[in-house]
Amino acid sequence: MNTKKVAKFEKVSYTQFEQSLKVDQNTRSIYDELSLPRRATKYSAGYDFFLPYDVTLTPNVPVLIPTGIRVKIECNWVLKIYPRSSLGFKHQIQLNNTVGIIDADYYNAHNEGHIFIKLTNHSNNEITLSKGSAFVQGIFLEYGITTDDEAVTERTGGFGSTDKLAN
């Protein structure tokens, strides 16, 4: 297998993670136990992301999960985040943005490129997902641009910031 290596997962700083965490638990312990995303098998396309703590999903109430993870990606590549199929099939859990897009320049954002995942439970039952379980997966894809593209502005903000930039 001669697949091109285009990225590296890292933890965000403890300070960034602590600012993002909205749970009443031991923040330092949660941070120290964070697992970097990884593939389950050598031919898996997706890198599993793991829950940093137990998450209870009440029906139709979105939950924002700070993963504590960032990723350094080569130019012209993107990380796409998808829900694990078992969450959708078994529990009707979906990503609020359907597919997360992590651009290469997000790594340098003011929030250190901290990847957040927002989920909603569309079933009628409360569901608890356990700390350490795989809940979304990321797939790296190469992309192209148009021949007349003239974008030169660089990102400084976090998610949702690129629509505020003017080229």
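**Notebook: a look through the predicted model**

I began with valine 55, and valine 55 is buried, with a relative accessible area of 3%. The cut-off for buried is under 20%, so a value of 3% puts valine 55 in that class. I note here that I am working from a predicted model.

**Valine 55, continued.** I looked up its place in the chain. Valine 55 belongs to strand 3, which covers residues 55-57. Next I asked which residues valine 55 is in contact with, leaving aside neighbours within four places in sequence. I found Val63, Ile65, Ile127, Thr128 and Leu129. Arginine 38 is 17 residues from valine 55 in sequence, and the two C-alpha atoms are 20 Å apart in space.

**Isoleucine 65.** This name came up among the contacts of valine 55, and I followed it. Isoleucine 65 sits in strand 4, residues 63-66. Is isoleucine 65 buried or exposed? Its relative accessible area is 0%, so I wrote down buried. For distance I took alanine 40. Alanine 40 and isoleucine 65 are 25 residues apart in sequence and 22 Å apart in space, C-alpha to C-alpha.

**Two positive phi angles.** I turned to the backbone. Asparagine 76 is not a glycine, yet its phi is positive, at about 70°. Where does asparagine 76 lie? I found it in the loop between strand 5 (69-73) and strand 6 (77-83). Its relative accessibility is 40%, so I count asparagine 76 as partly exposed.

Glutamine 92 is not a glycine either, and it has a positive phi of about 60°. I traced glutamine 92 to the loop between helix 3 (85-91) and strand 7 (93-95). With a relative accessible area of 44%, glutamine 92 is partly exposed.

I looked at the second largest pocket. Its volume is about 490 Å³. Its lining has 16 residues, and the closest to the pocket centre are Thr3, Lys4, Arg39, Tyr47 and Phe140. Which elements give two or more residues to this lining? I noted strand 1 (7-11) and strand 11 (134-142). Strand 1 gives the most, with three residues. I sorted the lining by type and got ten nonpolar, two polar and four charged residues.

**The whole chain.** Last, I stepped back. How many helices and strands does the protein chain have? I counted three helices and eleven strands. Along the sequence they run β-α-α-β-β-β-β-β-α-β-β-β-β-β. The radius of gyration is 17 Å, close to the 15 Å that the globule rule gives for 167 residues, so the chain is as compact as a globular protein of that length. The C-alpha trace spans about 50 × 35 × 30 Å along its principal axes.

I checked burial for the chain as well. Of its 167 residues, 38% count as buried. I also looked at contacts between residues at least 6 apart in sequence, and 73% of these join residues at least 24 apart. My final entry is the surface. The protein chain exposes about 10100 Å², and carbon and sulfur atoms supply 48% of that area.

Methods. Residues are numbered from 1 along each chain as its sequence is written. This is a predicted model: local features need pLDDT of at least 70, side-chain atom pairs count only at pLDDT 80 or more; totals for chains, interfaces and linings use all residues. Side-chain values use heavy atoms; hydrogens and water are left out. On a 1 Å grid over the protein atoms alone, a cavity is a set of points where a 1.4 Å probe fits but cannot get out, and a pocket is an open set with protein on both sides within 12 Å along at least five of seven lines; lining residues have an atom within 4 Å of a point. Grid points are joined across faces, edges and corners, and a volume is the space filled by probe spheres set on the points. Helices (H or I, at least four residues) and strands (E, at least two) are DSSP runs, numbered from the N terminus. Ala, Val, Leu, Ile, Met, Phe, Trp, Tyr, Cys and Pro count as nonpolar, Asp, Glu, Lys and Arg as charged, and the others, Gly among them, as polar. Buried means under 20% relative accessible area, exposed over 50%, partly exposed in between (1.4 Å probe, protein chains only). Contact means heavy atoms within 4.5 Å. The radius of gyration is taken over C-alpha atoms; the globule rule is 2.2 Å times the number of residues to the power 0.38. Accessible areas come from the Shrake-Rupley method with a 1.4 Å probe; for residues, only the protein chains shown count as cover.
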